[in-house]
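Colleague: Could you walk me through this model? I'd like to go over a pocket, some charged pairs and some rings.

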Amino acid sequence: MRVGIIDADLLYRPRQRFPNLACMKISGFYKREGHRTELIQDYKEIRRYDRLFLFKVFTDTYVPNEILQLENLTYGGTGFYYDKAPPLPEEMEHGMPDYELYQDYIQGKMQPGKSKAAYKFYTDYSIGFLTRGCFRQCEFCVNKNSKRSVPASPLEEFMDSSRKKLCFLDDNFLACREWERLLDSVLETGKRFQFRQGLDLRIMQESQMKKLFSGKLDDTVLFAFDDIRDRDVIERKLDLLNRAVPVHKRIKFYVLCGFDRAGLWKPDFWGQDIRDTLERARILMRYKCLAYIMRYEKCWQSPYRGMYITISRWCNQPAQYAKKSLREFAAEQGENSAACRYVQEFEKKHPELSEYLDMKYEEEASHGAVYGY
Ligand code: SF4
C-alpha cells in the first residue's frame with residue numbers, strides 16, 4: 001500500500017521549521033508493516049496514494065475542505081481538536097518515528113553553501129515525549145484537561161543513536177514523579193538535549209537544577225513566565241538557580257501575552273496586559289534572561305495589535321532585545337514605519353508606561369546581573 005503523509009503546517013506555513021512527530025510516528029508504523037510511505041509536498045499529489053494521513057499542530061493552518069472530505073484520509077492533531085485531540089493508537093504512538101520522512105523535503109530545501117541550521121530539527125534530533133501531561137490546567141493550554149505529568153515513552157523508543165541530539169516535547173517534565181530516573185536515562189546517553197516546550201521553574205528544586213545543568217544542555221534552556229502574578233516565585237527560583245549551579249547557557253522564558261484570565265476582555269485589559277508583558281521582560285532583563293513573546297490568538301483583536309507585533313519582533317530577536325530599547329528598535333524601522341506609529345500611539349494613550357519603552361537590557365541587567373551569555 002502507498003501511504004501519503006501530509007504535514008499541513010509545513011504546506012501552509014513557509015517558515016515552518018519543526019517536523020510533525022505524529023506524522024513521523026505514523027510513517028514509522030506503516031513502514032514497519034511493510035508499506036511505502038511518503039511525505040506529500042503538494043496537495044496536487046494526493047491522488048497517487050491509497051491511504052492518506054493529515055496532521056497539523058496550529059489551529060490557524062488552513063486545509064482545503066475538499067481534502068478533509070476525502071474518503072481515504074484520516075486527519076488529526078491539536079490544530080483540529082486542540083485540547084480534545086485523541087492520542088494515536090498505541091501501536092503507532094509507541095514505535096520509532098520515521099526520521100527519514102522529511103529527507104527529500106530537506107534535500108530540496110538545502111542549498112549548497114547555505115547553513116543547514118534552520119533545518120536542524122529534521123536532521124540532528126531524536127524527538128519525543130518522555131512524559132505527557134501537566135497538573136496546572138492553565139485555561140489557554142492544550143493540556144488544560146490533563147491532571148498530572150506521567151511517563152510516556154522510554155527514551156529508547158524514539159532515540160535514533162545516529163542522531164547527535166535529543167529534543168523533548170514534554171508538557172511539564174519536572175512535575176512527573178519519575179523525573180530523576182528519566183533524566184538519568186538522558187544523561188547516560190551523553191547527548192545534547194533540550195526541553196522545547198519549556199520547563200516549569202516555579203516547581204524546580206535545587207536537586208533538579210543540579211541534575212539538569214550537569215547534563216549537556218543544548219544552546220538555550222527554556223522556561224515559562226506566563227503570568228505576572230508569578231513574579232515572586234520566578235525571581236526566587238532564579239536566585240536559587242544562580243546559587244545552585246554555574247549557568248553558562250542562555251536562559252529564555254516564554255512570555256504569554258493577550259490572555260485575560262478573568263475572561264472578560266474589557267477594553268482596559270489591553271493596556272494592563274502590555275504593561276504586564278513589558279514588566280515581565282524587565283524582570284527577565286534584570287536576570288540577564290531572554291524573553292520570547294507568545295501571543296495568544298486574541299491579540300489579533302486587540303486595539304494594540306500592532307504594539308503586540310512590535311514587542312514580539314523586538315523581544316524575539318535576541319540581538320535587538322539585548323542592544324536596543326523598544327523605542328530605539330521601533331525608530332530603527334524608520335520614522336514613518338508601522339512600528340514607530342504603534343509605539344507612539346500607545347504612548348499617547350498610556351503615558352504612564354513610557355518608562356517601559358526606554359528600558360534596556362544592559363542597564364536593567366546592571367541592577368541585578370546574574371547570568372551572562
Ligand atoms: S503549566 Fe504549561 S503545560 Fe501545564 S497547563 Fe500550564 S501552560 Fe500547559
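This is a predicted model: local features need pLDDT of at least 70, side-chain atom pairs count only at pLDDT 80 or more; totals for chains, interfaces and linings use all residues.

Modeller: Residues are numbered from 1 along each chain as its sequence is written, and side-chain values use heavy atoms, with hydrogens and water left out.

Colleague: Which element gives the most residues to the lining of the second largest pocket?

Modeller: A pocket here is an open set of points on a 1 Å grid over the protein atoms alone, where a 1.4 Å probe fits, with protein on both sides within 12 Å along at least five of seven lines; lining residues have an atom within 4 Å of a point. This one holds about 220 Å³, a volume being the space filled by probe spheres set on the points, which are joined across faces, edges and corners. Of its 15 lining residues, those closest to the centre are Asp227, Ile228, Phe259, Arg261 and Asp276. Among helices (DSSP H or I, at least four residues) and strands (E, at least two), numbered from the N terminus, the one that gives the most, with 5 residues, is helix 12.

Colleague: How many residues of that lining are charged?

Modeller: Asp, Glu, Lys and Arg count as charged, Ala, Val, Leu, Ile, Met, Phe, Trp, Tyr, Cys and Pro as nonpolar, and the others, Gly among them, as polar. The lining of the second largest pocket has 5 nonpolar and 2 polar residues, and the number of charged ones is 8.

Colleague: Aspartate 227 and arginine 261 meet in a salt bridge; is arginine 261 buried, partly exposed or exposed?

Modeller: A salt bridge puts a side-chain nitrogen of Lys or Arg within 4 Å of a carboxyl oxygen of Asp or Glu, and this pair sits at 3.1 Å, N to O. The two come from separate loops, aspartate 227 between strand 10 and helix 11, arginine 261 between strand 11 and helix 12, 34 residues apart. Buried means under 20% relative accessible area, exposed over 50%, and partly exposed in between (1.4 Å probe, protein chains only). Aspartate 227 has 11% and is buried, whereas arginine 261 has 36%, so it is partly exposed.

Colleague: What residue forms a salt bridge with arginine 231?

Modeller: Arginine 231 is in helix 11, and its partner lies 48 residues away in helix 12. Arginine 231 is partly exposed at 28%. The closest N and O atoms are 3.0 Å apart, and the partner is glutamate 279.

Colleague: Why is the ring pair of phenylalanine 173 and phenylalanine 195 tilted?

Modeller: Rings of Phe, Tyr and Trp (its six-membered ring) pair if their centres lie within 6.5 Å; planes under 30 degrees apart are stacked, over 60 edge-to-face, and the rest tilted. Phenylalanine 173 is buried at 1%, and phenylalanine 195 is buried at 6%. Their centres are 4.7 Å apart, and the pair is tilted because the angle between the planes is 35 degrees.

Colleague: How far apart in space are leucine 21 and leucine 169?

Modeller: Leucine 21 is in helix 2 and is buried at 8%. Leaving aside neighbours within four places in sequence, its contacts (heavy atoms within 4.5 Å) include Leu169. The two leucines are 148 residues apart in sequence, yet their C-alpha to C-alpha distance is 9.6 Å.
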